[in-house]
Amino acid sequence: MRFTFTEEQEGFRREVADFLREELEAGTFDMRCGELVGGVNRSFSQKMAEKGWIGLTWPEEYGGRRRPYVEKMMMNEELFKVRAPIGFHFMGDRQVGPALMKFGSDWQKAFFIPRIIKAEEKSDFCLLFSEPNAGSDLAAVASKAEKDGNDYVISGQKVWSSGAHRSSYGWMLARTNLDPAVPGHLACSEFIIDMKTPGITVRPLVNMAGAHVFNEVFLDDVRVPGEFLVGRENEGFKQIMAQMDYERAGIERLEQNYMVYAQLQAYVRMMDERDSAFYAWVKDAMAQLEIEYQAGRLLCYYTAWCLDQGKNVSGQAALTKAFCTQYEQRLNDT
């Protein structure tokens, strides 16, 4: 398959690139390696909201522009290349908003979706999925939510929660059927958690580079009103699987270390070619990285195109994420 973009789409890409160049020149942000989606800058997110770039693919009835996923991929490619500070609205735009449209109650849609799409205060989310013994195997979560009147009382521990130390809300998976004979994928529910609720403790996890992005989150008898249950009780695992395509299909994994690649290219161009054997290896390694980068990019765009065709992309999205994360490792190894 050969990808081509329409003149209108190329114009949209230029519009995004021009906006980012102006913001860089104005000193709104600078390009530096860091967490997955750049920094958190609500003012920057509000500028994107004014342009209609948050909820770009959402239906018009929710304030979106109903643009193709391919165009969102184009926008995100430009954003991630320069490490634009989209951390404030990213989770709400990518995952929470679409999930609420599909599974949320009328109240949840009316309360959260307009706030997300306008980048209003307290519209930022973190994910509370992974646990010490339930990372990739989300059906094994041990956090529990027990019904108490109209509320749920939640206890447990989450880990690797990006941005939990600064997010207003958490998007959480907990077990609501405590019968050990019931499989996890039939026993869990999704909740929206106000991160300032009594009983929540957020502890930083500092990585080996000295950066604080991840956290572990402890929930001790956290009382959550029943209206914050998302979708149906005990169907949370199925709901999350429906959301994973949006997370896995993104181009952020491929572009997270784009600056590393650009700097590596610049360094190789300055190398002394007299060490012919080593330079021959370098050229071969760089050619291989370029092939893999372009393959990953095409996988991302193909997945977006499939979404636009209304196709089920679960397998394609998983393949795309696996390839792009493996590319990240090979790039940094080189």
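This briefing describes selected features of the structure shown above. The model is a predicted one. Its largest nonpolar core has 86 residues, and aromatic pairs in the model come to 22.

**The nonpolar core**

- Within the largest nonpolar core, the residues that touch the most other members are Leu20, Met48, Ile86, Phe125, Ile154, Trp171 and Ile192.
- Helix H9 gives the most to this core, contributing 8 residues.
- In soluble globular proteins, nonpolar side chains tend to be buried together.

- Strand E1 spans residues 125–128 and is covered on both faces.
- Strand E4, made of residues 169–175, pairs with E1 in the parallel sense over 4 bridges.
- Leucine 128 has methionine 172 of E4 as its bridge partner.

**Aromatic rings**

- The model holds 22 aromatic pairs.
- Tyrosine 152 and phenylalanine 191 count as an edge-to-face pair because their planes stand at 65 degrees, with the ring centres 4.9 Å apart.
- This pair links distant parts of the chain, since tyrosine 152 belongs to strand E3 (residues 151–159) and phenylalanine 191 to strand E5 (residues 188–194), 39 residues apart.
- Tyrosine 152 and phenylalanine 191 are both buried.
- Another pair, tyrosine 293 with tyrosine 327, is tilted, with 50 degrees between the planes and 6.2 Å from centre to centre.
- The two tyrosines are 34 residues apart and also link distant parts of the chain: tyrosine 293 is in helix H9 (residues 276–308) and tyrosine 327 is in helix H10.
- Tyrosine 293 has a relative accessibility of 5% and therefore counts as buried.
- Tyrosine 327 is buried too, at a relative accessible area of 1%.
- Ring pairs also join Trp107, Phe111, Phe112, Phe125, Tyr169, Trp171 and Phe228 into a cluster.

**Charges over rings**

- Arginine 13 lies over the face of phenylalanine 5, at 5.5 Å from the ring centre.
- The charged end of arginine 330 sits over the ring of phenylalanine 323, 6.0 Å from the centre of that ring.

**Threonine 320 in helix H10**

- Threonine 320 is part of helix H10, which covers residues 314–333.
- With a relative accessible area of 0%, threonine 320 is buried.
- The side chain of threonine 320 reaches the backbone oxygen of glutamine 316 at 2.8 Å.
- Setting aside neighbours within four places in sequence, threonine 320 is in contact with Arg248, Leu299, Cys300 and Thr303.

**Glycine 149 in a loop**

- Glycine 149 is located in the loop between strand E2 (144–148) and strand E3.
- Its relative accessible area is 57%, so glycine 149 is exposed.
- From C-alpha to C-alpha, glycine 149 and cysteine 126 are 27 Å apart in space, and they are 23 residues apart in sequence.

Note on methods: Residues are numbered from 1 along each chain as its sequence is written. This is a predicted model: local features need pLDDT of at least 70, side-chain atom pairs count only at pLDDT 80 or more; totals for chains, interfaces and linings use all residues. Side-chain values use heavy atoms; hydrogens and water are left out. Buried means under 20% relative accessible area, exposed over 50%, partly exposed in between (1.4 Å probe, protein chains only). Two strands pair if DSSP finds at least two bridges between them. A polar contact is a pair of N or O atoms within 3.5 Å; within protein, one must be able to donate a hydrogen and the other to accept it, and residues adjacent in sequence count only if both atoms are side-chain atoms. Contact means heavy atoms within 4.5 Å. Rings of Phe, Tyr and Trp (its six-membered ring) pair if their centres lie within 6.5 Å; planes under 30 degrees apart count as stacked, over 60 as edge-to-face and the rest as tilted. A charge sits over a ring if NZ of Lys or CZ of Arg is within 6 Å of the ring centre and within 35 degrees of the ring normal. A nonpolar core is a set of buried Ala, Val, Leu, Ile, Met, Phe, Trp, Tyr and Cys residues joined through side-chain atoms within 4.5 Å.
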